[in-house]
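Thanks for coming. Please have the sequence and the model up.

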Amino acid sequence: MDQLLFGDNQFFGVNHMSEEKARAQAMRFQDIGAVIEVLDNAYDEGIKTFMCTTHERIALVCDHMRANPTRYADYKFYPCMPYAHKYANAMTDHGLLGAIKHFLPEEGFLDSAMRGGMSLAKKDIEGITTLLIDAEMKMFAGLQTPVIFLQNVVVDFLLGLGFNEAFRIFANHVKARYGAEPGFITMNMPRLLDVLEELGVENPIVCANINKVGFRMSGGFEAYETALKEKNFEPSQCRYSPPAPSQPTRPSNGSVPSRISNRLSLVRPAKAIFGLPASWSIGIGRATDYLL
């Protein structure tokens with residue numbers, strides 16, 4: 001995995017520190033051309049991996065990349081699924097059947113519908129799950145997607161339900177059909193790692209928060225530290241780069257730590273992406289001091 005990934009929150013008006021900035025970003029990126037311009041600027045600086053949700057507007061980015069294969073020959077996407085709002089919007093805009101047809105993969109409406117219908121009839125959870133994954137991946141057809149993530153809203157919900165088999169289904173399907181590594185976003189990394197280990201999901205990629213105040217860290221900092229040291233994952237080193245002096249290090253509500261250890265050396269750290277809350281993000285082997 002690349003050490004530095006580009007995220008998409010700013011393109012959809014998401015900013016956990018400032019609602020005013022979120023509104024400004026939403027206005028700025030209403031035109032997909034503005035999104036492409038920022039991605040191009042990052043690409044020209046050597047950031048060639050885009051970790052993004054499966055928001056419907058990402059499909060426009062994918063269309064642009066496909067239309068310019070020479071320019072983006074080595075560009076990679078890390079899809080994060082699902083993006084639940086688009087399903088509700090599609091139902092409103094296209095009705096039930098229209099929404100189903102809109103999201104089904106290109107392998108054929110009838111084939112996919114039959115697969116989904118038979119799965120529902122048999123209460124075949126694996127068939128339904130793989131169909132939904134394929135629907136989410138439809139927009140990335142023909143593009144490089146070496147890692148595919150399951151969003152924390154689903155991961156943590158499944159952990160709470162104890163429906164652990166879903167993680168195996170997801171991991172096996174993205175490997176078999178897309179030749180990709182499965183990734184899991186979570187706010188409960190210690191529990192998730194235990195479950196994945198029990199399922200035999202080897203060397204998974206885990207995206208989680210780690211910070212001094214325990215923000216989005218179910219189980220607490222010590223549980224995370226223990227999990228990172230004791231779980232059998234690929235060794236790597238995570239470093240944190242403090243912000244420039246001119247940048248604020250703590251918002252008024254104190255939700256972001258002013259400093260994480262300048263060098264975080266772990267005995268046997270997980271192969272993971274660490275994301276600090278709000279304006280902080282850490283990638284494998286190296287940290288960034290802002291959220292791209």
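Cys80 sits opposite Phe149 of strand S3. This is a predicted model, and I will come back to confidence at the end. The pairing behind that contact is between S3 and strand S2, residues 76-81; the two run in the parallel sense, over two bridges. S3 also pairs with strand S4, residues 181-185, again in the parallel sense, over four bridges. There, Ile148 has Pro182 as its bridge partner.

Are the faces of S3 covered or open? Both are covered. Val147 and Phe149 are on one side, Ile148 and Leu150 on the other, and these residues are all buried.

Next, the residue in the loop between S3 and helix H7, which is Gln151. Why does Gln151 count as buried? Because its relative accessibility is 14%, and the cut-off for buried is under 20%. Leaving out residues up to four places away in sequence, Gln151 touches Thr53, Cys80, Met81, Pro82 and Ile185.

Now the cores. Which residues touch the most other members of the largest nonpolar core? They are Phe11, Leu39, Phe50, Phe77, Phe167 and Phe184, out of 52 residues in that core. Helix H2, residues 32-44, gives the most to this core, with seven residues. Apart from this core lies another, of nine residues, including Met51, Cys80, Phe149 and Ile185. In general, nonpolar side chains in soluble globular proteins tend to be buried together.

Take Phe50 as an example from the largest core. Beyond four places in sequence, the contacts of Phe50 include Phe6, Phe11, Leu39, Ile58, Val61 and Phe77. Asp8 and Lys76 are also among them.

On to helix H9, residues 189-199. At its start, a side-chain oxygen of Asn188 comes to within 3.4 Å of the backbone nitrogen of Arg191. The buried residues in H9 include Met189, Leu192, Leu193 and Leu196. An α-helix has 3.6 residues a turn, so residues three or four places apart point the same way. After H9 comes Gly200, with a positive phi, near 80°.

Last, confidence. The mean pLDDT of the protein is 74, with 65% of its residues at 70 or more. Where is confidence highest, and where lowest? Helix H3, residues 58-67, is highest at a mean of 97, and strand S10, residues 286-288, is lowest at 28. Over residues 234-292 pLDDT stays under 50, and the model has 138 contacts beyond four places in sequence for that stretch.

Conventions. Residues are numbered from 1 along each chain as its sequence is written. Side-chain values use heavy atoms; hydrogens and water are left out. Buried means under 20% relative accessible area, exposed over 50%, partly exposed in between (1.4 Å probe, protein chains only). Two strands pair if DSSP finds at least two bridges between them. A polar contact is a pair of N or O atoms within 3.5 Å; within protein, one must be able to donate a hydrogen and the other to accept it, and residues adjacent in sequence count only if both atoms are side-chain atoms. pLDDT is the predictor's confidence in each residue, from 0 to 100. Contact means heavy atoms within 4.5 Å. A nonpolar core is a set of buried Ala, Val, Leu, Ile, Met, Phe, Trp, Tyr and Cys residues joined through side-chain atoms within 4.5 Å.
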